[in-house]
Amino acid sequence: MSASNTPTATCPFSGATSASAAVEESAGGTAAGASPAAAMTGVEAPVADWVTIPDLHADPFPIYQRMRSESPVHWVPAVNRYMVTSYAACHEIEQDEERFSADENNSLMKRAMGHSMLRKDNPKHQVDRDSYGATLRPGTIKKHWNEIFTANHEKYLSELVAKGPGADFVWDYAAPYAAENLRLICGFHNASQQDMQRWSQTMIDGTGNYADDPEIWDKSAASSAEVDAAIDEMLPYLAKNPDHSLLSGLASMPIPLEAIRANLKMTIGGGLNEPRDVLATTIWALLNHPEQLEAVKNDAKLHAVAFEESVRWVAPIGMYPRETTQDVVLEGVHLPKGSRLGVVLGAANRDPEVFEDPESFNIFRPKKPHLGFGGGVHFCAGTWIARAQVAQIAMPALLERIPDLRLAPTAPSIDAGWVFRGMTKMPVTWG
């Protein structure tokens with residue numbers, strides 16, 4: 001394929017394109033120290049056999065720092081795929097579904113949730129995504145969902161306050177708040193917010209089950225069957241009693257039941273853990289940076305800024321898969337056709353080539369686009385819902401209601417995860 005016909009994706013900061021190697025070759029140049037053949041074919045990815053899943057779960061960021069410094073792409077035996085850690089390489093993948101397919105073979109997400117839109121390429125992806133449009137568009141959020149989010153926030157914040165100092169910010173407030181919002185967004189009038197939490201956690205555990213733990217698969221399968229039963233019960237009801245929910249909209253569309261089930265399971269996963277984890281991580285970060293917390297309290301516009309910086313700093317969905325459809329040279333690294341990739345947003349968002357002092361949480365940093373919500377055709381459809389729940393409603397009301405909120409000094413907070421990362425324990429106090 002000639003350089004002029006090669007699909008390109010330009011990094012907004014480095015200016016590098018996917019066709020850069022071919023362009024260099026046509027101009028008679030190569031990268032410093034590289035042979036002309038290497039410029040055309042790429043080098044083999046280094047093997048990161050020192051990476052373990054327990055280490056990734058505990059704290060992946062030092063691992064990502066080392067990997068980025070060595071190569072933008074590594075083969076990681078522990079997860080049986082290439083992990084892509086540079087901003088430029090992740091951005092290139094996101095913009096090019098022709099060479100990097102979302103429809104991965106032997107996908108963990110397909111096994112846990114079915115074949116959802118997240119594991120489809122266009123045009124099939126767009127058909128499924130369009131079916132969600134009316135429920136999740138900003139106008140519907142403003143006119144309908146914000147009032148519901150506000151009521152749910154008041155309910156669960158009051159429950160946190162009633163439990164008193166020592167309550168857990170995540171499990172006594174952020175999780176039930178996000179779960180109840182999602183229950184109504186989806187249209188599960190036959191389930192509880194506790195059901196939503198259990199379904200979400202067990203199915204995303206399946207999606208991230210790179211260790212192939214059979215107990216995780218059993219729990220994921222049980223929740224998947226429960227969701228199928230709940231959907232089957234709600235679809236005929238909502239066809240006769242329509243509302244603003246996703247299931248109500250889908251009940252009147254010619255969407256196959258298999259696709260409805262898979263897409264709702266995908267939504268239960270990301271639609272709960274994203275707002276839950278961003279809310280908890282943002283407040284945790286602000287409580288650890290009092291000067292930034294004070295700035296947010298004094299300037300309402302900074303709630304949204306803190307939200308975006310939190311997503312950059314700790315991407316709640318830290319990695320997603322892709323598969324190469326042909327032999328590819330990605331940032332100088334050769335990847336054979338059929339290579340299984342992990343696009344590590346948690347690493348890309350801390351790339352020092354793009355972000356100054358990237359390991360630090362800093363709401364005052366120059367504004368640059370992060371990749372925390374993905375990109376290209378698969379840009380997260382729930383982004384506006386998450387921003388509304390967290391930055392527009394929860395954060396301002398929370399900091400006004402409990403202005404002296406602080407982390408409990410005698411019980412440390414814990415953050416964990418790498419495919420999905422967030423706070424797993426966050427005792428707070430006040431008064």
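Which residue in E8 is the bridge partner of Tyr-320? It is Val-343. The model is predicted, so local features need pLDDT of at least 70 and side-chain atom pairs count only at pLDDT 80 or more, while totals for chains, interfaces and linings use all residues. Residues are numbered from 1 along each chain as its sequence is written, and side-chain values use heavy atoms, leaving out hydrogens and water.

Start with the sheet. Strand E5 (residues 319–324) and strand E8 (residues 340–344) run antiparallel, joined by five bridges. Strands (E, at least two residues) and helices (H or I, at least four) are DSSP runs, numbered from the N terminus. Two strands pair if DSSP finds at least two bridges between them. The open sheet has five strands, ordered E2-E3-E8-E5-E4, with mixed pairing. Strand E2 (73–76) and strand E4 (100–101) are the edges, each pairing on one side only.

Two helices meet this sheet. Helix H4 (residues 61–70) lies across E2, strand E3 (81–84) and E8, at about 120° to E2. Helix H5 (residues 87–94) touches E3, E4, E5 and E8, and its direction makes about 115° with that of E8. Contact means heavy atoms within 4.5 Å. Axes are lines fitted to C-alpha atoms, for helices over the stretch in contact, and angles run from 0 to 180 degrees between N-to-C directions.

The largest nonpolar core has 102 residues. Such a core is a set of buried Ala, Val, Leu, Ile, Met, Phe, Trp, Tyr and Cys residues joined through side-chain atoms within 4.5 Å. Buried means under 20% relative accessible area, exposed over 50%, partly exposed in between (1.4 Å probe, protein chains only). Phe-169 and Met-426 are among the members that touch the most others. Helix H14 (residues 257–287) gives the most to this core, with 14 residues. Apart from it lies another core of 22 residues, including Val-84 and Val-343.

Helix H9 (residues 138–163) has a kink of about 55°, centred on Trp-145. The bend at a residue is the angle between axes fitted to the seven residues ending there and the seven starting there. Trp-145 and Leu-160 are among the buried residues of H9. Just after H9, Gly-164 takes a positive phi of about 85°.

Trp-430 comes in the segment after strand E12 (428–429). Its relative accessibility is 15%, so Trp-430 counts as buried. Beyond its neighbours within four places in sequence, Trp-430 contacts residues including Leu-160, Gly-164 and Arg-406.
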